Amino acid sequence: MKANLVLASRMSRLGTESAFEVLARAKALEAQGRPIINLGIGQPDFKTPPHIVEAARKALADGHHGYTPANGILPLREAVAADLRRRHGVEVSAADVLVVPGGKVTMFFAITMFGEEGAEILYPNPGFPIYESVIRYSGATPVPIDLHEDKGFSFSAEEVLAKITPRTRLMIINSPANPTGGVVPKSEFDKLAAGLERHPQVAIMSDEIYGEILYDGARHVSLLSYPNLRDRVILLDGWSKTYAMTGWRMGYGIWPAALFPHAERLAINCHSCVNAAAQYGGIAALTGRRNEVEHMVEAFAERRKIIVAGLNKLPGFRCATPGGAFYVFPNIAGTGFGAKELETRLLDEASVATVAGTSFGAYGEGYLRFSYAASREAIEEAMSRIGTWLDRQGNQRRA
Ligand SMILES: Cc1ncc(COP(=O)(O)O)c(C=O)c1O
């Protein structure tokens, strides 16, 4: 008899990350011989620095093949604590650190820990699509924090605080942000932290995975540095973006003492521990030389200028200069195309992969995300192809 399987209803509420679908389509077109320029994918185009690779290789050669403690090896957690002290001037104990396979895992644990029917969770929109997806999966109600183009894709603390109800359990913050590159100014964070005093039932998950990719001398503001929030801030960070380690699956969460045992139990139920050799690579990343990281950020800064200038020359595009991460989020309303149509047609007809703003939530209509983690030549060629394609559409409309 043919199988007749019954899935849990929550499975129908789980969304996805369209950037992976765009990547798969771009790869399929490439395999057919099409010269695709991929500005869709959110990962550095650099290799992991060699001293990190060497540390992981040595760990394997030295026999680190078994399980590690579920929370991660002690020298790695100590290195994380020292790194947070160096970057944010905050005191974190190695006992607060839960090393997990990638930044996403802290997100999944925090949302499923608080989310259930009747609960509300605030999340940025447009924002990283997994936030809304997992909130829905958990049964909680997603409450969007809208990010405004005219505020550099930041938010107004007052507007955010006004969305809190007695049912709000968790607020998700992401600065610097995917997909917009927006950075929340310290003044808004100060207001938010002060206002949260009135809402002690709200936990905050601060996704700071792009915290070291900032421009124009800006300094990152970590929500960990607000003493009045320390017993309810969950910090999400990791190695993927800063050290070009997306495929290593290395991330961590800093958890308040009351939440830590729950997060650790989720880890034991889910993945036991992170790949042992990768953890040794993680120590080398945090304690070793930083010139490759600095070089990468300098390269992104230069490409940011090129892509912003290039996009602003395209008819119907308007592109703000982002403060961090490696994305731009131009407004494309003036082209007359919807975001999804433009994404599809630019890939099919101009061989340039981008991601529709709507992949990051309903408020992303009218925008397209470009990643500039690509060479200068690739970015310039992409701008030229899109310009030619738009001209052709304009001519056809006029004809
Ligand atoms: C805002 C944000 N948070 C978290 C992640 C997940 O990172 P990781 O690959 O380490 O799971 C990403 C990846 O694109 C991201 O953009």
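**Exercise 1. Is Glu120 buried or exposed?**

Solution. This is a predicted model.
Step 1. Take the computed relative accessibility of Glu120, which is 10%.
Step 2. Compare this value with the cut-off: buried means under 20% relative accessible area.
Step 3. Glu120 therefore counts as buried.

**Exercise 2. Find the salt-bridge partner of Glu120, and say where the two residues sit.**

Solution. 
Step 1. The side chain of Glu120 meets that of Arg167 in a salt bridge, 3.1 Å from N to O.
Step 2. Glu120 is in strand S3 (residues 120-125), while Arg167 is in the loop between helix H6 (157-162) and strand S5 (168-174).
Step 3. The partners are 47 residues apart, and the pair links distant parts of the chain.
Step 4. Check the cover of the partner. Arg167 has 46% relative accessibility, so it counts as partly exposed.

**Exercise 3. Describe the salt bridges Asp62 to Lys58 and Glu292 to Arg289.**

Solution. 
Step 1. Asp62 and Lys58 meet through their side chains, at 2.7 Å from N to O.
Step 2. Asp62 is partly exposed, with a relative accessible area of 46%. Lys58 counts as partly exposed too, at 46% relative accessibility.
Step 3. In the bridge between Glu292 and Arg289, the closest N and O atoms are 2.5 Å apart.
Step 4. Glu292 has 22% relative accessibility and counts as partly exposed. Arg289, at 41%, also counts as partly exposed.
Step 5. Now look for a network. Salt bridges that share partners join Asp83, Arg86, Arg87, Glu212, Asp237 and Arg290 into one.

**Exercise 4. How many residues surround the ligand, and which are the closest?**

Solution. 
Step 1. The ligand is surrounded by 14 residues.
Step 2. The closest are Gly103, Asp207, Tyr210, Ser240 and Lys241.
Step 3. Sort the shell by class: five residues are nonpolar, five are polar and four are charged.
Step 4. Find the main contributor. Helix H4 (residues 103-114) supplies the largest share of the shell, three residues.

Conventions
Residues are numbered from 1 along each chain as its sequence is written. This is a predicted model: local features need pLDDT of at least 70, side-chain atom pairs count only at pLDDT 80 or more; totals for chains, interfaces and linings use all residues. Side-chain values use heavy atoms; hydrogens and water are left out. A residue is near a molecule or strand if one of its heavy atoms lies within 4 Å of it. Helices (H or I, at least four residues) and strands (E, at least two) are DSSP runs, numbered from the N terminus. Ala, Val, Leu, Ile, Met, Phe, Trp, Tyr, Cys and Pro count as nonpolar, Asp, Glu, Lys and Arg as charged, and the others, Gly among them, as polar. A salt bridge is a side-chain nitrogen of Lys or Arg within 4 Å of a carboxyl oxygen of Asp or Glu. Buried means under 20% relative accessible area, exposed over 50%, partly exposed in between (1.4 Å probe, protein chains only).
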